[in-house]
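Good morning, colleagues. I would like to take a few minutes to go through one structure with you.

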Amino acid sequence: MRRFVTNQPPETIRVSASRVVCDGASDIPSGAALGHPRVFLEIDETGFVECGYCDRRFVLIGGPADHTDHSEAA
Ligand SMILES: [Zn+2]
């Protein structure tokens with residue numbers, strides 16, 4: 001089984017709806033085994049939500065957390 005590098009920063013996914021589904025592997029065609037139980041996440045007034053399983057961050061497009069730059073190292 002091939003594994004991906006795990007020391008990369010959490011993935012940020014921009015979405016157009018406040019309700020998202022994450023299973024940790026939806027963007028990886030052959031990565032179903034790398035995923036986690038499917039969870040439903042709801043973006044609140046902060047404009048984003050993080051998946052508790054895979055640390056992916058879902059950002060609502062046009063929301064308060066929708067930054068296009070990647071300079072999170074403050
Ligand atoms: Zn996830």
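Let me begin with a definition: two residues are in contact if their C-beta atoms, placed from the backbone, lie within 7 Å. Leu 60, with neighbours within four places in sequence left aside, is in contact with Val 15, Ser 18, Ile 43, Gly 47, Phe 48, Ala 65 and Asp 66.

Two remarks on conventions. Residue numbers start from 1 along each chain as its sequence is written. The model is predicted, and local features need pLDDT of at least 70, side-chain atom pairs count only at pLDDT 80 or more, while totals for chains, interfaces and linings use all residues. Here pLDDT is the predictor's confidence in each residue, from 0 to 100. The chain has a mean pLDDT of 81, with 69% of its residues at 70 or more. Strands are DSSP runs (E, at least two residues), numbered from the N terminus.

I turn to the sheet. Three strands form an open sheet in the order S1-S5-S4, and the pairing is mixed. The edge strands are S1 (12–15) and S4, each of which pairs on one side only. On average, neighbouring strands are turned by 20 degrees against each other, direction ignored; the axes are lines fitted to C-alpha atoms, and angles run from 0 to 180 degrees between N-to-C directions. Strands count as paired if DSSP finds at least two bridges between them. S1 and S5 run parallel and are joined by four bridges; Ile 13 has Phe 58 of S5 as its bridge partner. S4 and S5 run antiparallel, with three bridges, and Glu 50 is partnered by Arg 57 in S5. The hairpin of S4 and S5 has six residues between the strands, and there Asp 55 takes a positive phi near 65 degrees.

Which residues make up the largest nonpolar core? They are Phe 48, Val 49, Phe 58, Val 59 and Leu 60. Strands S4 (48–50) and S5 (57–60) each give two or more residues to this core, and S5 gives the most, with three. Such a core is a set of buried Ala, Val, Leu, Ile, Met, Phe, Trp, Tyr and Cys residues joined through C-beta atoms within 7 Å.

Finally, Cys 22, which lies in strand S2 (residues 19–22). Why does Cys 22 count as buried? Cys 22 counts as buried because it has 23 C-beta neighbours inside 10 Å, the threshold being 20 or more other C-beta atoms within 10 Å. Its contacts beyond four places in sequence are Val 39, Leu 41, Cys 51, Cys 54 and Arg 56. The C-alpha atoms of Cys 22 and Leu 41 are separated by 7.4 Å, at 19 residues apart along the chain.

Notes. Buried ≥ 20, exposed ≤ 12 C-beta atoms within 10 Å, placed from the backbone.
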